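I opened the notebook to go through one chain. The entries below follow the order in which I looked things up.

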Amino acid sequence: MTDSKRLLWQQHADGSGADGQTREAVVSLLVDEGPMTASDIADRLGISPAGVRRHLDNLTDGGDVELAPAGFNKGGRGRPAKWFQLSATGRGKLRHAYDDLAGAAIRTLRDVAGQGAVERFARERVDGLVSEVTPVAESGSVIATVEQIATALTGAGYSADVREVGAGVQMCQHHCPVAHVAAEFPELCEAETAAFTELLGTHVQRLATIANGDCVCSTHVPVQQPTSPAEPEPPQPSPRQPSPRQPSPPQHPNALDPKATSQPVVADNPDGKVPR
C-alpha cells in the first residue's frame, strides 16, 4: 500500500500496542476493500475471527463501523454472515487528500493575491461559522455568548465545550477539522481568536492549539466578577470652628503709662502754684 493510500486514523488505534496496530489494519482493509466479513478480515490479517470481532465491536460501539446493507450477503448455507463497512463518521475521521487540496489552494491564493488574501479568506471562513452568535454587546452576558460560540463550533465539527476556570471560563475544542492545514497556515487560528475577541468584547487568550501539536484547542475568556457596592463611610465630625474673638474693652489712655499721674503737667502750670 502506498503512503498516499494509507488512510490510518490514530484514534482508531487506541494506542501504539498490538491492539492499536490491529485496529488500524482492520480500518485500512475496510477502506481499501469495502464491506467485509469478520472471517474475511481474519484471513487477510492472519488472526482469529474472534479477535477481529472484538475490534469490530469496539469500532461499532464508537460509531465508526456499521453493518453493510443486506445485499452484500452472498447467501449460502447456515446463518447469514455479517458484512461490515466504515460509517460516515468513521470515514470522516480519516485523513484524506482534501487536506492536501486545501493546502495547495491556499498556497496558490497567497502566491497570486498576496498574504492579505489569505488573512481575508481565513476571517471570512470563521465569520461564517459564528454568524448566528449574539455578541456580548447585545446579549449582555459573556458566558452566554461563549456558549453560543461553542455550540456553533460543535456544529462545524470542532466538538467544543465550556468550563469555568478561575476568574473566567475556558472554551475547549476537542477536534479540529482543518488541523493539518492550520499547521501550515496559522492565519486560520489567528482569525478564530480575532473573531472571538470581537464577539466577546474582551481580550481572549489562546492557551493551546491542535495545529501546534496540543491535544486540544483551548481559549481562556476572562469574566468580570460583580463587585459589591461600597459601604458608605460614617459621617465625620465637622471641624470645630474657633469662636469669634470678642473686642477688648477700651482702656484709658493712661492705663498703660506708669508715669501718668493725676497731677497736671508742669508745662500746663508754669507758675508752679497748686490750683485751688
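What share of the 276 residues of the chain counts as buried? I read off 30%, where buried means under 20% relative accessible area, exposed over 50% and partly exposed in between, with a 1.4 Å probe and protein chains only.

Note on the source: this is a predicted model, in which local features need pLDDT of at least 70 and side-chain atom pairs count only at pLDDT 80 or more, while totals for chains, interfaces and linings use all residues. Residues are numbered from 1 along each chain as its sequence is written, and side-chain values use heavy atoms, with hydrogens and water left out.

**Whole chain**

I listed 11 helices and 7 strands; helices (H or I, at least four residues) and strands (E, at least two) are DSSP runs, numbered from the N terminus. I then looked up the contacts in the chain with a separation of 6 or more, and residues 24 or more positions apart account for 48% of them; contact means heavy atoms within 4.5 Å. The chain exposes about 18,600 Å², by the Shrake-Rupley method with a 1.4 Å probe, where for residues only the protein chains shown count as cover. Carbon and sulfur atoms supply 52% of that area.

I looked up M36 in strand β1 (residues 36–37). M36 is buried, at a relative accessible area of 6%. Not counting residues up to four places away in sequence, M36 touches L29, L30, I41, R44, K82, W83 and F84. With F84 the C-alpha separation is 5.4 Å, although M36 and F84 are 48 residues apart along the chain.

Next I took T145, in helix α9 (residues 142–155). T145 has a relative accessible area of 0% and is buried. Leaving out residues up to four places away in sequence, its contacts are V133, T134, P135, V136, S139, L199 and L200.

**Cysteines**

I searched for disulfides (a pair of cysteine sulfur atoms within 2.5 Å) and found 0. C172 is in no disulfide, and its nearest cysteine sulfur, that of C215, is 8.8 Å away. C172 is buried at 4% relative accessible area, whereas C215 is exposed at 71%.

**Cavity**

How many cavities of 30 Å³ or more does the structure hold? I count 1. On a 1 Å grid over the protein atoms alone, a cavity is a set of points where a 1.4 Å probe fits but cannot get out, and a pocket is an open set with protein on both sides within 12 Å along at least five of seven lines; lining residues have an atom within 4 Å of a point. Grid points are joined across faces, edges and corners, and a volume is the space filled by probe spheres set on the points.

The largest cavity has a volume of about 40 Å³. Its lining is C176, V178, A182, L188, C189, E192, R206, A211 and C217. Helix α11 (residues 187–200) gives the largest share, 3 residues. I sorted the lining into 7 nonpolar (Ala, Val, Leu, Ile, Met, Phe, Trp, Tyr, Cys and Pro), 2 charged (Asp, Glu, Lys and Arg) and no polar residues (the others, Gly among them).
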